[in-house]
Every structure is written in structure tokens, then in C-alpha cells.
Amino acid sequence: MDSEVFYERKGSLGIIRINNPPVNALSQSVRRGILKGLDQALADVEVSSIGICCEGKTFIAGADIKEFGKPPEAPFLPEVTDAIEASRKPVVAMIHGTALGGGLEIALASHYRIASRDSKFGMPEVNLGLIPGAGGTQRLPRLIGVPLATNMIARSEKIDAVKALEVGLVDEVVDNDSLFAKGYDFAREVATKEHAHPLVSNRPIPDRESAHRWLANEEGDLERRSKGRKSPLRSLQAIRSSLDLPFDEGCAEERKIFLEMKDSKEHQGLTHAFLAEREAFRVSGLDYGKAKTIRSVAVIGAGTMGRGIAISFLDAGIPVRLFEIKSSALENGVEVICSHYDRMVSKGRLDVTEASKRKQQLSSTLEYTDLSDVDLVIEAAIENMEIKCSIFKELDRVCRLGTMLATNTSTLDLDQIAGATSRPEDVVGLHFFSPANIMRLLEVVSGKETSDVTKATAMTLAKRLRKVGVLVGNCYGFVGNRILYSRLPEALCLVAQGATPAQVDRVLTDFGFPMGQFAMSDLAGLDIGYNAREGRRKTGEHVPRTWLDELVEKGRLGQKSGEGVYRYEEGSRTPIEDNQVDQIIDDYRSAQGITPRVVTDSEILERCLYVMVNEAFKILDEGIAGREIDIDVVWNSGYGFPSYRGGLMFWAREMGLDRIFERVQAYCELDGGEQWKPAQGLEREVFGS
């Protein structure tokens, strides 16, 4: 028997026990072991029923990511599920933790399913550009109906044990600590039943006519939401085959689609994005064993960002002390945070006890001296160097030695901020993205003197907060914003030369971004970028004025004022093109002596995307990012780069770096701007060292 799968007999019950930590993934050896265990149980005359269960924290939670990208090896999962269902002795799946993807397909092929109360069930294959490939699209609709099966397969929704019992996905739900005892009894009991054990594949689809109508409606909705992705729609096609074809033919159609998607660019891109996110935490040379434990945190600033950061820590079970210099601002901050948890309760996302616990872990203060005993302080004040340095001088004075001091700055020089203290080794950037309690990305910014212990602590903390932590270096805008700021001048220039803001945004959303450049600027607030540019101008830096500056000076600040690049109806976030903006842009063109021309979509895509790739290579040249995957993760999780394209750098390599270099060089000759000067790393990739 394979070392990950064990077979034993308890009286008349044959038990196939899987132990492949951490999530009992369906590796080739596990698949082989299940078949061997099944053969042993069927050959054992003393065995009348068979149980499949898992050790550790979960039932089978899907495929083995170690096998991603490798040639598949037999036995394949359909062989395993078919063998389980064909067993002449009843098979009972005993489920705890999660039964996901292939794990749920194993459970569906079993004749009975018993689950602990903590169980969750799902088919997340579309998240990797796939569909279930071992009968999942055929068995699940037969067991629970097409609507719920569609939600679980095409939308990757999970259901809990209570819902699973209600819809008939499981036969019984038991307490967590009695799963195996009750499961053994259940398996022995079903062996004594006179009637044949039920096969899901023999069940009729409930209400086929309404199921067809449901799928037709779902198709239109998913097509709108998919934005270039095929797997959600292809999963609907497989589910439809469960209505139109006999079970075996439906499985053949499912397998055909599965193999097609397995070879698709979508699967390759999403797999790269998934693995890159896991790899981002593995920073070479960083000893996570030396990371400090953060037991308490103070947040400086009770504005939008500070409140979001506070909620992130409270959600992770870490007490928060909220600091403000004005009592009214502090009271408002506490009130908004408490109201957030009240809303979570009213929406059923949190129970009253847990919400109360989180609110009780929030305290507030107007005094710096009250921050002396916390393990971490995060400054989330206004983006102004003078203000931030004054705050860090105070923190240096009142905080005990060893306290980690973090700034949430999105652009400012971390080393200058750290220089306001006597302990720059304890200073780090923790760049949260708004809304901080929702957005997954956390850029961990290292200064020249940030210690390895501080870096390891910050990266470990990101995991604890369920954020995607990416370690980056210190420069203006770090990784994410620096690349974004390279795109903005191109978008502005394209409009100045003849494009419309809506055309630029449409090209970007057609590519797969959730929002275009200008809609995103309106959402963030045009005044934020304007103030940053004005600050740079005051230092003597040459920052050309654009038509965007003129919008701000006319009071058009974006969604917050109801008018920005677009206008917005009251209570709506939908951007509407505005003739007044067209006139402002026309006036700007005239003042600059620009004759507008036709700008093609292909030029927009090249100039907006290729400049980002070139800037990314410069970031790698300078060591601000250590790896291409770090850039991919930052842009996938923080800026809406379509993850089915893998990431900015993955996509660039798919496009062809030689082509991108050629166009970068051409725009450099045409434009002459510094942003188009080819990065050394890009040039090396094309021509060699």
C-alpha cells in the first residue's frame, strides 16, 4: 500500500485512510493507493462495507499542486471515481474539513456521504481555468439539482454541512469529534440493507425543463462576468450535457472539455498566478523562524485607511488601539468600525458574539504615551513627509525598544521616514490597499536599514492577516504604484492626442482589467494624484501639467464630488461621459498646439501595457522587486490585472519580449521620453548578456 494511503479492517468494515498532508491532495500515489485499498476491500470476504476517510484537518481538498505542469500519470481520477461507484460493496465517504474539486468527486462517486458539522463542499476548478473532470458536472446536478450545482461549479461557490444535508449532498451530519465512530456505525448499517446501494449516476435530473431555462439565463450572466475567460461557460456546457445525454456520454463530453481547458492559455495563466502567490512568501535568505509575534497593534489615524487597517487586525484576532489627535475624528473612527461589525451581523456574515468580541478588542486614545506597550504601530496619516516624520519622532520617543514601526505610505521615501527615528532597523513599510480590510495585497517595503527580523515579522504578519505579502524595495511608488504611474502619462498623452478617456478605459477593460485608468482615478480621487504632483513640483522636480490637473482645479475630484473625468449620478458609481470634460480637453489641446488625430485601440493597448512592462524591468534592474513573480502578484492581487493572463510579466513573455522591446524602442525614438528608454533587463532578455 502507498505510504499516503492505508488500508485496515475493523470487523466487517474495510477502511481506506488517506494521509497526504497538509490537505490530503489527490496525488498520483494517492489515486493509486485508493484503487489498491478498494481492491483489498473487495477481495476480503470478511468485509461487507467500505469507508473512505482522511487523517489531519481535512478530507481531500483537491488536486496536488506539485503535479501542476507535469505530464499526468495513471491512474487518472475518472478511473478512481468509476471504480468506487462500481463497487459491489457500499462505499461511505466520511468527510471533515473541506471536500473540494476531486475530493468532492470522490465523495459523489461514493454510495453514501456522512459529514462533520465543520465540513465545506465546493468545486473550485474554474479558479484554475478548468472544469471538474471526473464526473463532477454529471453527478452533482443529479444529486442536488442544476441551479445549485451550477453555482458550485461555474461560480465556485462553497456550501456548508447544514446546506449539504438540506439539499441531499450528504446523508447525515454529525459532531466533529464523532465523525469516525458514527461513520463506522453508518457504514456497517448500510451493509445490512436489503436494497442495492444508490448510484448517483442512476438518478434522474430533477425538473429538466426549468433546468434548461436556468442554464440559458446563467449563460448570459456568466458571459458578461467572464471577461475573456472560457472555463465558466465551458462548465455550463458540461452541465447541460448532464441534461441532454446519458451519464456515460455526458462524462465523455465533460472529459473532452476538461482536457481542452487543461491545455488552454487560461489554465496556464491562472496556474501561474496561483503558484506565484504561494511563492511570493518564500523569500530567499529570510529566516521566518526569527519573526516576532505581534500580539497588539496601534493604528495612527482614524480616517478611511486607518479604519480599514484596524478592521484587518481585529478580524485576525489582534487587539487594536486607534490613535487620533482630535477627539471628534477618533470618536467617528470608532463609531464607523463598530457600525461595520453591526452591518456584518445584520447581513448574516458574522454572529453577534464574534462581532462583540472584535469590538471589545478595539480601544482608542488621544495620547502618544498610550502606545508605549504595543508590539506594532502602523501610521496611516496624510501623505505628507513632514507630518509622517513628526509622527515617527514621537513614536521613537514613546515606544519601547523592539516595537515594529510601520508606515502605510504609498509613495514617500521610507528611508527618510526611518531617519526620523533612532532605530531604522525597526521601521518598515506596510502598504495596504483601499479598502484595507478587503483588498488582499500588502506591499512590505524594506528600507536600507530594515532588519531581516523586521522583514520576516512583517511577511509573517501578512499571512496572519490573510493578505498576500510581497517584499519590495524602497523607491517612489514602490512596485505597484510606480508601474501604475508609468501608465498614467501614456493614458493622458493618448487623450491629448485624440483618444477619449472612455476609449482608453474601454481598451483596458476589454483586456480584462475591472476598471480603466480614468474610472480608477475617479474612484481613488483625482485630488490625491494632483497633491502628489504638486508636492513634487514644489521640490523643483519637473512634472508637466496635464488636462487632469485642470479638472481638479475646476473642482472635479472624482466620485467624491460627483464629477471627475466622468460625471456620476447621485448614489451611483457608474461613469458617464461628460461634454464639459470634452471641452476642457479640447481647450488643453488648443493651448498646447495639438491637432487631434485618430488613435487606434491597438496603439492604446501597446502604449499603456508595454510601458508598464518596460518599467517593471527597470524595477527588477534596480532590485526594487527581487523576482518577476513578485511583480505578477502585486498587479494580480492589488491592481486588477486579469489573473487568467498570469500576471504582467508572464503575459509579457507570452506576447514575446522581442516584440515588446521592438515597440518600446520605436516609442522611445518617437516620443523621446525617459519612460520609453528600454530597460537594461529587457534588452538583456532579448539580446543576451
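**View 1. Helix H25 and its buried residues.** In H25, the buried residues are Ile 629, Asp 630, Ile 631, Asp 632, Val 633, Val 634, Trp 635, Asn 636, Ser 637 and Gly 638; buried means under 20% relative accessible area, exposed means over 50%, and partly exposed is in between, with a 1.4 Å probe and protein chains only. Helices here are DSSP runs of H or I with at least four residues, strands are runs of E with at least two, and both are numbered from the N terminus. The cover over the buried residues of H25 includes H11, strand E16 (441–445), strand E17 (468–472), helix H18 (480–497), helix H24 (601–622) and helix H26 (648–655). Contact, by the way, means heavy atoms within 4.5 Å. After H25 comes Gly 640, with a positive phi near 75°.

**View 2. The whole protein, before we zoom in again.** You're looking at a predicted model, where local features need pLDDT of at least 70 and side-chain atom pairs count only at pLDDT 80 or more, while totals for chains, interfaces and linings use all residues. Residues are numbered from 1 along each chain as its sequence is written, and side-chain values use heavy atoms, with hydrogens and water left out. The protein has 28 helices and 17 strands. Its C-alpha atoms fill a box of roughly 90 × 60 × 55 Å along the principal axes. For 689 residues, a compact globule would have a radius of gyration near 26 Å, and the 28 Å of this protein agrees with that; the radius is taken over C-alpha atoms, and the globule rule is 2.2 Å times the number of residues to the power 0.38. Of the 689 residues, 55% count as buried. Among contacts with a separation of 6 or more, 73% are between residues 24 or more positions apart.

**View 3. Helix H9 and its cover.** H9 runs over residues 231–244, and at 1.5 Å a residue its 14 residues should span 20 Å; the end C-alpha atoms are 20 Å apart, which agrees. The expected span is 1.5 Å times one less than the number of residues. Is H9 largely enclosed or open? Since 10 of its 14 residues are buried, H9 is largely enclosed by the rest of the structure. The buried ones include Pro 232, Arg 234, Leu 236, Ile 239 and Leu 243. Look for helix H4 (136–144), helix H5 (146–154), helix H8 (208–226), helix H10 (247–262) and helix H11 (265–280) among the elements that cover them.

View 4. The 16 residues of H1 should span 22 Å at 1.5 Å a residue, and its end C-alpha atoms are 23 Å apart, which agrees. Buried residues of H1 include Val 30, Ile 34, Leu 35, Leu 38 and Leu 42. An α-helix has 3.6 residues a turn, so residues three or four places apart point the same way. The cover over the buried residues of H1 includes strand E1 (5–10), E2, E3, H2, strand E4 (91–95) and helix H3 (102–109).

View 5. Most residues other than glycine have a negative phi, and most peptide bonds are trans. Asn 24 has a positive phi near 55° and sits in the loop between strand E2 (13–18) and helix H1 (28–43). With a relative accessible area of 2%, Asn 24 is buried. Lys 227 isn't a glycine either, yet its phi is positive, about 50°. You'll find Lys 227 in the loop between H8 and H9, and at 38% relative accessibility it counts as partly exposed.

**View 6. Two cis peptide bonds.** The bond from Ala 74 to Pro 75 is cis, with omega near 0°. Pro 75 is in the loop between strand E3 (49–54) and helix H2 (77–86). The bond from Ser 434 to Pro 435 is also cis, with omega near -5°, and Pro 435 lies in the loop between strand E15 (427–432) and E16.

**View 7. Thr 457 and its contacts.** Thr 457 belongs to helix H17 (residues 452–464). At 2% relative accessibility, Thr 457 counts as buried. Which residues does Thr 457 touch, leaving aside neighbours within four places in sequence? Its contacts are Ala 291, Lys 292, Ile 294 and Met 404.
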